[in-house]
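Hi everyone, thanks for making time. I'd like to walk you through one model today, so please have a look at the picture first.

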Amino acid sequence: MDTLFHRSRSLLGVGLLVVASLLLVGCGGPNLFERMSAPYWGICGTLIIVLDIVALVDLLGDERREFGGKLLWTLLIVFFPIGGLILYYLFGRD
């Protein structure tokens, strides 16, 4: 029963990840690289950058996760800093 719950939670996470990615692609917001290269980040921009870096360190330090999962989450966090961060903290941290 526990594996069925875990599997359905994973499928729900992947489905929400795909839907959120499709929605965020249309937003056209800056990715992490564009945000960091801007001359003035502001308080919100600085907070987003710091939280994204913390999430990436947490993600890359997880030895239980496979390379493909790390790569997918890294790309999501880098190219969709706000949405990727929210999705990672909701679904990516098992």
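Before the geometry, a word on how angles are handled: axes are lines fitted to C-alpha atoms, for helices over the stretch in contact, and angles run from 0 to 180 degrees between N-to-C directions. Helices here are DSSP runs (H or I, at least four residues), numbered from the N terminus.

This is a predicted model, where local features need pLDDT of at least 70 and side-chain atom pairs count only at pLDDT 80 or more, while totals for chains, interfaces and linings use all residues. Residues are numbered from 1 along each chain as its sequence is written, and side-chain values use heavy atoms, leaving out hydrogens and water.

Let's start with H4 and H5. The axes of H4 and helix H5 (residues 81-92) come within 5 Å and cross at roughly 140 degrees. H4 and H5 are therefore oblique to each other; on this scale, under 35 degrees is roughly parallel, over 145 roughly antiparallel, 65 to 115 roughly perpendicular, and the rest oblique. Which residues meet there? From H4 we have Trp73, Leu76, Ile77, Val78 and Phe79, and from H5 Pro81, Gly84, Leu85, Leu87, Tyr88, Phe91 and Gly92. That contact has 10 nonpolar, 2 polar and no charged residues. For the classes, Ala, Val, Leu, Ile, Met, Phe, Trp, Tyr, Cys and Pro count as nonpolar, Asp, Glu, Lys and Arg as charged, and the others, Gly among them, as polar.

Helix H3 (residues 42-60) packs with H4 (residues 67-79) at about 175 degrees, axes 10 Å apart. That makes H3 roughly antiparallel to H4. Asp52 and Leu56 are among the H3 residues making the contact, and Lys70 and Trp73 among those of H4.

Let me stay with aspartate 52, in helix H3. Is aspartate 52 buried or exposed? At 0% relative accessibility, it counts as buried, meaning under 20% relative accessible area with a 1.4 Å probe and protein chains only, whereas exposed is over 50% and partly exposed in between. Beyond its neighbours within four places in sequence, aspartate 52 is in contact (heavy atoms within 4.5 Å) with Leu32, Ile77, Pro81 and Leu85.

Finally, leucine 32 sits in helix H2 (residues 32-37) and, at 5% relative accessibility, counts as buried.

Methods. Helices (H or I, at least four residues) and strands (E, at least two) are DSSP runs, numbered from the N terminus.
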